[in-house]
Number of protein chains: 2
Amino acid sequence: MYREYPMPTAAKADPAAPGRGRRTTRASGDDRERSILETAEQLLEERPLSEISVDDLAKGAGISRPTFYFYFPSKDAVVLTIIDRLVAAAAGSREQALRTLAEGDPRAGLRQGLADLYAAFRSRRAVTLAAAELRMTNPEARELWAQVLEGWVADVTAVIEAERARGAAPAGEPARDMAIALVQMNERVQYASFAGESPSLEQDRVLDVLVDIWLRAIYGSAEPTSL
Amino acid sequence: MYREYPMPTAAKADPAAPGRGRRTTRASGDDRERSILETAEQLLEERPLSEISVDDLAKGAGISRPTFYFYFPSKDAVVLTIIDRLVAAAAGSREQALRTLAEGDPRAGLRQGLADLYAAFRSRRAVTLAAAELRMTNPEARELWAQVLEGWVADVTAVIEAERARGAAPAGEPARDMAIALVQMNERVQYASFAGESPSLEQDRVLDVLVDIWLRAIYGSAEPTSL
DNA sequence: GAACTTTATCAACACTGTGTCGAGAAGGTC
DNA sequence: GACCTTCTCGACACAGTGTTGATAAAGTTC
């Protein structure tokens with residue numbers, strides 16, 4: 001059953017929250033809910049969110065439209081649940097990357113981090129695109145995504161500041177400002193690539209190009225190499 | 001009256017296209033059309049496109065909903081017309097920038113170009129945001145924007161290649177790939193700033209940060225400054 | 001200046017999609 | 001076997017889109 005969003009905790013759904021019942025918490029119900037989510041993901045592979053109706057989701061899950069509303073308050077809520085899970089998975093990558101970053105070469109760590117993140121979203125292309133679409137009209141989606149970005153920005157800011165502190169990176173614009181621009185660049189470039197927009201990078205070029213710009217932005221200066 | 005899109009020509013509307021009539025081409029009609037466009041722009045200052053209905057536009061222009069359809073085939077068409085004009089204005093900035101770029105210091109020209117573009121879109125914040133929103137659901141808007149981006153990417157690619165050719169910029173990822181990523185970064189960063197998203201750059205920081213990253217990406221290398 | 005054309009207007013309609021209500025079925029519990 | 005929950009859906013009320021057809025007003029033609 002759909003629960004109000006507890007912020008991007010996004011852990012596993014907690015089974016049998018109320019009462020002390022063993023685990024017989026319902027069967028049909030959970031099946032239906034899962035079925036709706038699966039239908040949504042499947043339809044998103046075929047067409048954009050705006051062209052999917054509540055009726056499509058209900059039909060796909062084998063229930064009537066009113067019954068859909070027993071499980072989710074709206075189409076947006078379904079997608080938000082799916083996004084929430086994707087974000088949780090991506091958060092795993094992020095922690096992994098931070099660990100790599102802390103112990104090894106920061107440049108290699110950075111590349112690894114960007115690669116993992118890219119892989120996480122590419123593997124759920126349809127959901128990623130739906131998230132961007134939903135963000136345009138839904139405040140909750142906007143808020144969720146904002147928190148995701150904020151997390152990355154904070155991490156990147158810390159990395160840049162650390163590299164500057166140890167003299168590996170030259171001074172420049174405030175680290176947080178750089179981090180915001182770089183993170184947003186990644187977001188946009190990856191989106192365009194997933195969506196197959198007209199000027200966009202080929203899937204297999206995305207990472208190389210982004211990493212190059214990140215490294216130049218962080219470690220290079222704006223001075224010409226030769227004079 | 002709304003005409004089918006002749007590609008982003010987007011010059012001034014041609015007055016009195018058919019016949020050799022002096023200039024009495026209608027009065028009420030053009031007024032209404034203008035009135036609808038003005039209403040749309042005004043409402044976009046207040047709320048997102050998705051929360052504006054055809055009825056709102058009709059009411060604002062002092063006509064009934066069916067009459068609206070005499071002037072425009074849809075809400076999207078109205079916004080597309082407005083975007084078209086903004087894009088035309090921005091195209092002016094672009095040419096201006098290219099001229100500066102050709103005759104003077106490329107770095108200064110680049111900065112000037114980015115500044116002009118930024119100014120052009122900032123001055124029509126609401127329309128810029130509406131364009132991004134419309135792009136999500138409307139193929140024509142997507143196409144129009146794609147052509148705009150394509151133009152910039154082509155220009156930037158040429159600049160990067162020229163700078164590399166004259167030895168002012170080091171080799172690196174393909175110039176066009178860099179151009180795509182940089183242009184898309186600008187798009188996203190500016191959008192976030194205009195929309196006041198949660199991690200986003202302050203209006204007065206946008207230009208400095210973007211220019212810094214552009215210059216580092218183009219002129220810097222990915223090697224550390226110190227070792 | 002009457003007949004005719006073009007331009008403009010809108011009430012009424014048909015349609016699509018959303019979300020709610022209330023009546024009931026299906027199963028578990030005491 | 002009365003009694004909850006859980007679940008289901010037909011029927012409704014709404015909001016929004018886009019179309020039709022009847023009609024008015026203005027401009028053109030002879």
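Predicted model: local features only at pLDDT ≥ 70, side-chain atom pairs only at ≥ 80, totals over all residues.
**Contacts between the chains**

- The interface brings 53 residues of chain A into contact with 53 residues of chain B.
- Eight salt bridges are found across the interface of chain A and chain B, and the side chains of R205(A) and D177(B) meet in a salt bridge with an N to O distance of 2.6 Å.
- Polar contact across the interface of chain A and chain B amounts to 14 residue pairs, with both residues of each pair at pLDDT 80 or more.

**Make-up of the chain A side**

- Two or more residues each are given to the side of chain A that touches chain B by α6 (125-137), α7 (139-165), α8 (175-195) and α9 (203-219) of chain A.
- The largest share of this side comes from α8(A), which supplies 13 residues.
- By class, the residues of the side of chain A that touches chain B comprise 27 nonpolar, 11 polar and 15 charged.

**Helices α5 and α9 of chain B**

- Within chain B, the axes of helix α5 (residues 106-122) and helix α9 (residues 203-219) come within 10 Å and cross at roughly 145°, and the crossing of α5(B) and α9(B) is right-handed.
- Residues of α5(B), including L110(B), L114(B) and Y118(B), meet residues of α9(B), among them V211(B), W214(B) and L215(B).
- The contact of α5(B) with α9(B) has 12 nonpolar, one polar and four charged residues.

Methods: Residues numbered from 1 in each chain as written. Chains lettered and ligands numbered in written order. Heavy atoms only, no water. Contact = heavy atoms within 4.5 Å. Salt bridge = Lys/Arg side-chain N within 4 Å of Asp/Glu carboxyl O. Polar contact = N/O pair within 3.5 Å; in protein donor to acceptor, adjacent residues only side chain to side chain. Helix = DSSP H or I, 4+ residues; strand = E, 2+ residues; numbered from the N terminus. Nonpolar A, V, L, I, M, F, W, Y, C, P; charged D, E, K, R; others polar. Axes fitted to C-alpha atoms, helices over the stretch in contact; angles between N-to-C directions. Left-handed = near helix turned anticlockwise from the far one by under 90°.
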